[in-house]
Amino acid sequence: MSDPKSNAAEPDIKTRIIHAGAEHGKRHSIVNTPVYHASTCLFDSFAAFREAVSNPDHGLFYGRRGTPTQWALEDALKDLEAGSGGVCLYPSGMSAISTALMAYLEPGDQLLMVDTVYEPVRSFCDKVLARNNIETKYYPPSVGEGISDYVSTNTKAVFLESPGSLTFEVQDIPAISKVAHDADAMTFADSTWGTPLSLPAHDLGIDINLHALTKYEVGHSDVMMGAASATPKYFNRLQSFTRTVGICVSPDDAYLCLRGLKTMAMRLETQFENGLQVANWLKAHPMVAHVYHPALPDDPGYALWQRDFTGGCGLFGFRLKHGSWQDLPHLVDDLRYFGMGFSWGGYESLILPVMPETCRSATRWPKGAPVLRLHIGLESPSDLIDDLEGGLSRYDAALKTSPD
Ligand SMILES: *Cc1c(COP(=O)(O)O)cnc(C)c1O
């Protein structure tokens with residue numbers, strides 16, 4: 001694929017995703033890298049054993065360090081992340097984030113954390129990091145180069161998530177990264193929404209880029225997995241820490257994730273486009289107060305999204321004009337296609353009532369009528385719109401007949 005003698009142009013990312021990681025299968029003339037189960041790997045000789053011990057990440061060593069199945073996924077993800085020095089896999093997106101933070105932060109350090117971060121990360125910072133004398137200071141997602149006002153002498157890292165969880169604010173990644181690097185601080189980003197396909201995070205200044213592969217890479221709502229990609233400067237420490245704490249993923253899960261990855265580009269494109277159709281329909285609906293989607297031209301994040309992202313996905317939010325959580329059963333209980341549940345990135349549509357006001361501390365999220373998060377799957381958007389129209393009419397009818 002990357003034959004140095006060929007003059008062919010660098011292939012498009014959609015081409016790379018199809019062939020990435022394939023060497024491990026090609027060795028046996030098959031398309032997909034098989035599922036290699038292993039704890040023990042046998043050494044042919046004393047010499048081979050000695051060589052493996054002095055270089056344990058170069059070939060089969062012990063199951064915890066992976067087999068060709070996990071390596072195929074790591075290589076594929078590294079290939080998709082421009083500027084990556086290597087990728088480590090984790091048994092969930094959450095464990096990718098917590099392990100990567102622990103790999104670099106030390107007692108006495110300060111972490112600057114975006115206020116719109118995925119809520120379980122906030123819990124990890126406030127509980128686990130705090131008890132290890134690592135301070136977390138939250139900053140508003142709109143901060144831009146104003147992050148300099150938050151930096152102090154012990155600031156070790158700045159963590160971004162763009163767009164933010166639940167409310168989808170886009171951050172100025174290059175501006176924040178520049179201030180961080182000038183202050184000798186590292187940058188971490190949770191790029192689950194953008195995926196490696198739509199957000200070239202390392203190119204924009206991110207040192208450690210994190211993904212919940214559980215979402216679009218797996219793509220079929222059946223495997224938990226996470227990944228961290230580090231720039232060459234930071235990769236050795238990440239890999240060594242990950243090995244030291246004993247993190248590994250099963251070859252079956254890695255196989256399913258690699259399989260999901262092959263169709264991710266077309267799934268993302270369709271789900272993004274269908275999502276925009278539903279988002280625009282909601283925007284025009286008389287019962288909807290606001291749609292939170294960075295790819296809508298009047299969204300406050302639109303200019304940054306257009307500058308830094310090459311696409312999007314099927315996840316966004318909206319706020320109703322009227323009613324309260326008590327009224328939501330009328331909207332969500334009898335939907336035909338939208339399931340209600342956590343996670344997203346699968347082929348199916350989801351709806352989730354959310355409460356951003358309960359997980360913000362540096363910014364204030366106004367209370368009011370309910371906010372819901374939608375994930376648009378691969379169904380026909382007109383069927384999804386009909387489904388939502390039905391739910392909104394039942395909700396409206398219930399509000400009109402309720403006593404207050
Ligand atoms: C789901 C999610 C995670 C966590 O991933 P898990 O695999 O569920 O642990 C992290 N960040 C974001 C933005 C997510 O949506």
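The lining of the second largest pocket divides into four nonpolar, six polar and six charged residues. Here Ala, Val, Leu, Ile, Met, Phe, Trp, Tyr, Cys and Pro count as nonpolar, Asp, Glu, Lys and Arg as charged, and the others, Gly among them, as polar.

Before I go on, the source. This is a predicted model, where local features need pLDDT of at least 70 and side-chain atom pairs count only at pLDDT 80 or more, while totals for chains, interfaces and linings use all residues. Residues are numbered from 1 along each chain as its sequence is written, and side-chain values use heavy atoms, with hydrogens and water left out.

Back to that pocket. A pocket, on a 1 Å grid over the protein atoms alone, is an open set of points where a 1.4 Å probe fits, with protein on both sides within 12 Å along at least five of seven lines; lining residues have an atom within 4 Å of a point. The second largest pocket holds about 350 Å³, volume being the space filled by probe spheres set on the points, which are joined across faces, edges and corners. Of its 16 lining residues, Asp 57, Trp 71, Glu 74, Asp 75 and Gln 239 lie nearest the centre.

The largest pocket has a volume of about 660 Å³. Tyr 118, Pro 120, Ser 165, Lys 215 and Arg 373 are the closest to its centre, out of 32 lining residues. Those residues divide into 19 nonpolar, eight polar and five charged.

Now the core. A nonpolar core is a set of buried Ala, Val, Leu, Ile, Met, Phe, Trp, Tyr and Cys residues joined through side-chain atoms within 4.5 Å. Buried means under 20% relative accessible area, exposed over 50%, partly exposed in between (1.4 Å probe, protein chains only). The largest core has 116 residues, and Phe 188, Ile 208, Leu 238 and Leu 374 touch the most other members. Helix α12, residues 264–283, gives the most to this core, with eight residues.

Gly 275 is found in α12 and is buried, at 0% relative accessible area. Beyond four places in sequence, Gly 275 is in contact (heavy atoms within 4.5 Å) with Phe 316 and Ile 376.

Methods:
Helix = DSSP H or I, 4+ residues; strand = E, 2+ residues; numbered from the N terminus.
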